[in-house]
Structures are given as structure tokens and as C-alpha cells.
Amino acid sequence: MTHAVVAVGRDADFREVAETLQRWRVSAVPVLTGDGRVVGVVSEADLLTARDRDGERADALTAGRMMSVPAVTAHPGSPLNEAARAMARGHLKRLPVVDEEDYLVGIVSRGDLLKVYLGDDRELADRVRFELVATLGPSAAVDTDIRSENGRITLTGSLPDMVSADVLERLVRSVPGVAGVELRLAAAA
């Protein structure tokens, strides 16, 4: 997530929005109320279709009239896969990130989501180990070797007690950055 976000108010006119998009080289901006709450998003597509749709002069159009509502947003603690699904469903390039009261706290882009898959394999293996221990307890990772190669996690050793292979695989896949999972685990004796 990027914390510094370019945004406009509801009263920003067509030209101001277009100049903001071009100046900051972004394809969309959140539209905020006076106190900083996200109420919509204006994209390049919104600008391109607004004049035709409303049949008005560009200078008569405001962000409040052109914006897409409701704004599709993400929350700081939401899993990355939720943001990715929301972007894919809405064909969006970025999502405003808002707190529980809809105040803007940042923005997440497709590039931000992809960065997680370009991380260091050792760090990814450590994150997987942390999730296993946090979710299943310290004994879950004792007899399990966790390796990562290009985002693909391989677990070898013993399957932790009271956990099915399917549950373990889903848990590992849920860790941001995991591109694939291979389980080479024997049932604990």
C-alpha cells in the first residue's frame, strides 16, 4: 500500500481532475468529502464517458457527478487476495484503502499486489513457518522442513497431529506470496 495518495474533492471540475491524473501519472483518484472520507472514485474512463453520457460541457462536470459510486475499497488489515479479487471483479487498477470509518489511509495498486510475489524465498519460507506456528501451535513446525523456490513452497517431514493435508495446504496457500504448494509429508507416528 502507498500512504501518500492523490485525491480530489467532490467539487473538482473536469479539467482539474484530468490535470491531476496527468500530473501524477495515475489512472484514477479517490473522491473525498471535506473531512477525508472516500465517497467515490473518478477514473480516466469516467472522464472519457462523462461528457457523452451527460451531454454537458466539460467545465460543468464535477468529480461528484462523474465518480463511480460506491467506491470499491480495501481495509489495511484485509488479506491481499481479497483486494486482488475486488480488482479483478471490477476491472480496477487500484483500490483506495480506508479505515473502519471510511477515512482514506492509502491506496493499493496491482503493482503493490504483485510485489509480494517477487520477494526473497527465505523470507517467504519464514512467513509460512510463522503462519503454521501461529495457527497450529509450536509443535506444528517442529518436524516440518519448509523450503521456498520462486514462491513455490515445499513441506517435507511429518504431517502435524490433528491437521489434514488439505487444511495444511489451504493454510500455506493463504500466505501472501505463495505461488504453489507441494506437500511431501508422512502421517505422524
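Glycine 180 of strand 8 is the bridge partner of arginine 152. The model is predicted, with local features requiring pLDDT of at least 70 and side-chain atom pairs pLDDT 80 or more, whereas totals for chains, interfaces and linings use all residues. Residues are numbered from 1 along each chain as its sequence is written, and side-chain values use heavy atoms, without hydrogens and water.

Strand 7 (residues 152-159) runs parallel to strand 8, to which eight bridges join it; strands are DSSP runs of E with at least two residues, helices runs of H or I with at least four, both numbered from the N terminus. Strands count as paired if DSSP finds at least two bridges between them. Helix 6 (residues 121-136) packs on the sheet in contact with strand 6 and strand 7 (heavy atoms within 4.5 Å), and its direction makes about 145 degrees with that of strand 6. Angles run from 0 to 180 degrees between N-to-C directions, with axes fitted to C-alpha atoms, for helices over the stretch in contact. Helix 7 (residues 165-173) also packs on the sheet, where it touches strand 7 and strand 8; its direction makes about 145 degrees with that of strand 8.

The sheet is open, with three strands in the order 6-7-8 and mixed pairing. Strand 6 (144-149) and strand 8 (180-187) each have a single partner strand and stand at the edges, so one side of each lacks a neighbour in the sheet. On average, neighbouring strands are turned by 10 degrees against each other, direction ignored.
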